Amino acid sequence: ARTVRPVELAVEYEADEALFECCIDLGRQSVDTRSNALETARWLEKRDFKTVRLVTTDWHMPRAGFELSRQVPDDIDLIDDAVGSNPSFHPLFPAAVFVGL
């Protein structure tokens, strides 16, 4: 969420706030998977990274990996690291899909 502050994450995960100040960047521009990939690609370019580990849920990995692979140069190695999940029906098929049924 765009409104999350580093201190809130530190509290939630019982981590030292200094870790968030030195080593964790929170993006604020993206609103969906596609814009998240673009924001991530720009972040990577500024830092000259050559490898990135993409971490997301197993059901979202195909889309997230596809969008990110379209935005980053071919010389950046993308490593998928899907987290197992047990999603409910709603996140997989939002209510908007069923309008008019």
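Modeller: Start with exposure: buried means under 20% relative accessible area, exposed over 50%, and partly exposed in between, using a 1.4 Å probe and protein chains only. This is a predicted model, in which local features need pLDDT of at least 70 and side-chain atom pairs count only at pLDDT 80 or more, while totals for chains, interfaces and linings use all residues. Residues are numbered from 1 along each chain as its sequence is written, and side-chain values use heavy atoms, with hydrogens and water left out.

Now K50. Its relative accessible area is 42%, so K50 is partly exposed. K50 takes part in a salt bridge with D48, at 3.5 Å from N to O. A salt bridge here is a side-chain nitrogen of Lys or Arg within 4 Å of a carboxyl oxygen of Asp or Glu. D48 counts as exposed, because its relative accessibility is 55%.

K50 also forms a salt bridge with D75, at 3.1 Å from N to O. This pair links distant parts of the chain, 25 residues apart. K50 lies in the loop between helix 3 (33-47) and strand 1 (51-57). D75 lies in the loop between helix 4 (61-71) and strand 2 (77-83). Helices (H or I, at least four residues) and strands (E, at least two) are DSSP runs, numbered from the N terminus. D75 is partly exposed, at 47% relative accessibility.

Next, helix 4. E67 and R70 meet in a salt bridge, with their closest N and O atoms 3.0 Å apart. The two sit three residues apart in helix 4, so about one helical turn separates them. E67 is buried, at a relative accessible area of 2%. R70 is partly exposed, at 48% relative accessibility. Salt bridges with shared partners join E67 and R70 with R34 and R63 into one network. By the rule above, the structure's salt bridges number eight.

Last, the cysteines. A disulfide is a covalent bond between the sulfur atoms of two cysteines. The criterion is a pair of cysteine sulfur atoms within 2.5 Å. The structure has one disulfide. This disulfide joins C22 to C23, with an S to S distance of 2.1 Å. The torsion about the S-S bond of C22 and C23 is about -80°, so the disulfide is left-handed. C22 and C23 are both exposed.
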